[in-house]
Amino acid sequence: MDKLLIRGGNRLSGTLPISGAKNAALTLIPCALLTEEPMTLRNLPRLADIDGFQHLMGQFGVSVSIQGKRPEDFGRVVTFEAQRLTSNVAPYDLVRKMRASILVLGPMLARAGEATVSMPGGCAIGNRPIDLHLKALEAFGAEIELAQGYVKAIAPDGGLPGGDFDFPVVSVGATENALMAAVLANGTSRLFNAAREPEIVDLCNLLTAMGAEIEGIGTSDLTIHGVKRLNGATYKVMADRIEAGSYACAAAITGGEVRLEGANASEMTATNNALRNIGVEIEEDARGMTVRADGPLKATDLTTAPYPGLATDMQAQLMSLLCKAHGTSVLKETIFENRFMHVPELSRMSADIATEGRTAIVKGPSDLTGAEVMATDLRASMSLIIAALAAEGETTVRRIYHLDRGYERLEEKLQLVGADIERVDD
């Protein structure tokens with residue numbers, strides 16, 4: 001198993017390319033199940049989760065062809081063709097490591113009239129039930145059965161009739177599954193209190209390019225007029241706003257200046273506001289943004305919330321940055337109940353952090369020191385990398401398979417801007 005060695009103290013400087021968004025890509029790929037025609041995704045990041053999802057698509061008889069295999073390329077072009085579905089079952093062995101696998105439930109139900117999906121796995125960051133996914137599909141007319149660790153959804157003869165569903169709490173995944181199920185329904189469906197994340201907008205834009213009829217894109221109330229069939233499309237995956245925010249934190253903690261090429265600042269308002277409150281300068285333009293931190297960092301209070309609030313996926317990285325800020329910062333996590341697993345590892349690096357339930361109190365600036373640490377989930381892994389870049393001495397990060405799920409060739413990108421980081425066999 002690989003590990004990362006990071007020798008801190010280097011000021012990051014230069015240009016770093018931002019990849020396609022993992023969270024968007026994992027939603028766009030299952031759209032191929034909705035049509036017999038080819039669907040091509042450009043700017044698809046090279047990640048373990050993407051490879052896993054492609055393998056899952058093959059389980060259903062979907063052909064996958066990859067262009068742009070040059071090793072120096074970031075991202076690639078992949079075409080999916082589901083001309084004939086050979087299975088409607090997503091087995092445990094393929095689903096257990098990746099929570100996003102549940103997103104085949106809606107499109108498979110819409111296309112084939114029946115879908116059986118193993119209960120999903122993924123990061124251990126708290127309880128993430130799929131009850132809202134199932135309740136939305138039931139509202140559209142599906143019959144749901146739960147047995148032996150599997151979810152089975154069955155549409156009435158002739159397909160889903162469609163219906164209305166009001167989310168009691170905002171759920172990104174459930175909104176995505178409901179959208180993909182509704183586009184081929186026989187009638188009109190309405191989603192109230194739907195998630196508004198940019199990744200949802202990206203999904204709606206792809207579905208629209210495939211011939212879906214969706215009103216209210218970008219709002220919390222969506223109306224979907226079902227159509228008889230969808231066509232294929234070629235579509236570019238949006239830039240990864242979480243990756244961009246992560247590298248912004250990395251630049252800032254080293255007092256550096258880094259150009260994040262391809263970042264979409266308009267989708268990062270909450271993150272960029274948080275960075276500016278900490279004392280980071282950000283210059284935005286149509287092709288990306290430049291992050292600069294040449295003065296003292298300031299403590300601030302942050303609370304995660306559904307979009308357009310501060311993304312929970314940025315909490316851990318910002319916490320590492322605040323370890324070097326002057327004063328006391330308070331971070332409140334409102335999305336997941338177990339998302340402070342990085343705190344003990346940061347404490348091993350001499351960070352001064354205390355937790356009380358879903359609140360973390362960070363006192364700084366800390367003189368961070370290198371240590372042997374262990375990644376516990378995807379974003380926690382990145383928080384350790386960020387801290388290590390500013391720490392004195394060498395840090396060893398183990399269990400980096402978490403990082404490979406969500407950050408495309410991380411060490412190569414950081415090396416581009418001057419980080420002393422290498423991947424070695426453990």
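1. Basis. This is a predicted model, numbered from 1 along each chain as its sequence is written, in which local features need pLDDT of at least 70, side-chain atom pairs count only at pLDDT 80 or more, and totals for chains, interfaces and linings use all residues. Side-chain values use heavy atoms, with hydrogens and water left out.

2. Sheet with β2. Four strands form an open sheet in the order β2-β15-β17-β16, with mixed pairing. Strands are DSSP runs of E, at least two residues, and helices are runs of H or I, at least four, both numbered from the N terminus. Two strands pair if DSSP finds at least two bridges between them. β2 (13-17) and β16 (281-285) are the edges; each has a single partner strand, so one side of each lacks a neighbour in the sheet. Neighbouring strands here are turned by 15 degrees against each other on average, direction ignored.

3. Pairing within that sheet. β15 (residues 257-261) and β17 (residues 288-292) run antiparallel and are joined by five bridges. Leu260 stands opposite Met289 in β17.

4. Helices on that sheet. α8 lies across β2, β15 and β17 and runs at about 170 degrees to β15. Angles run from 0 to 180 degrees between N-to-C directions, and axes are lines fitted to C-alpha atoms, for helices over the stretch in contact. Helix α9 (residues 269-278) also packs on the sheet, touching β16 and β17. Contact means heavy atoms within 4.5 Å. The direction of α9 makes about 145 degrees with that of β16.

5. Helix pair α8 and α12. α8 (residues 241-253) packs against α12 (residues 378-390) at about 20 degrees, with the axes 8 Å apart. That makes α8 roughly parallel to α12 (angles under 35 degrees count as roughly parallel, over 145 as roughly antiparallel, 65 to 115 as roughly perpendicular, the rest as oblique). Residues of α8 in the contact include Ile242, Tyr247 and Ile253, and those of α12 include Arg379, Met382 and Leu389. The contact residues divide into 10 nonpolar, one polar and one charged. Here Ala, Val, Leu, Ile, Met, Phe, Trp, Tyr, Cys and Pro count as nonpolar, Asp, Glu, Lys and Arg as charged, and the others, Gly among them, as polar.

6. Sheet with β18. A four-strand open sheet has the order β18-β19-β21-β20, again with mixed pairing. Its edge strands are β18 (302-303) and β20 (352-356), each pairing on one side only. β19 (residues 327-332) and β21 run antiparallel, joined by six bridges. Ser329 has Val362 in β21 as its bridge partner.

7. Helix α10. α10 (residues 315-322) lies across β18, β19, β20 and β21, at about 170 degrees to β19. Eight of its eight residues are buried. Buried means under 20% relative accessible area, exposed over 50%, and partly exposed in between (1.4 Å probe, protein chains only). Among the buried residues are Gln315, Met319 and Leu322.

8. Strand β1. β1 (residues 2-7) runs antiparallel to β24 (residues 420-425), over six bridges. Asp2 stands opposite Asp425 in β24. β1 also pairs with β23 (residues 394-398), antiparallel, over four bridges. There, Ile6 stands opposite Thr395.

9. Gly370. This residue lies in the loop between β21 (359-364) and β22 (372-374). At 25% relative accessibility, Gly370 counts as partly exposed. Leaving out residues up to four places away in sequence, Gly370 touches Ala391, Glu392, Gly393, Glu394 and Thr395.
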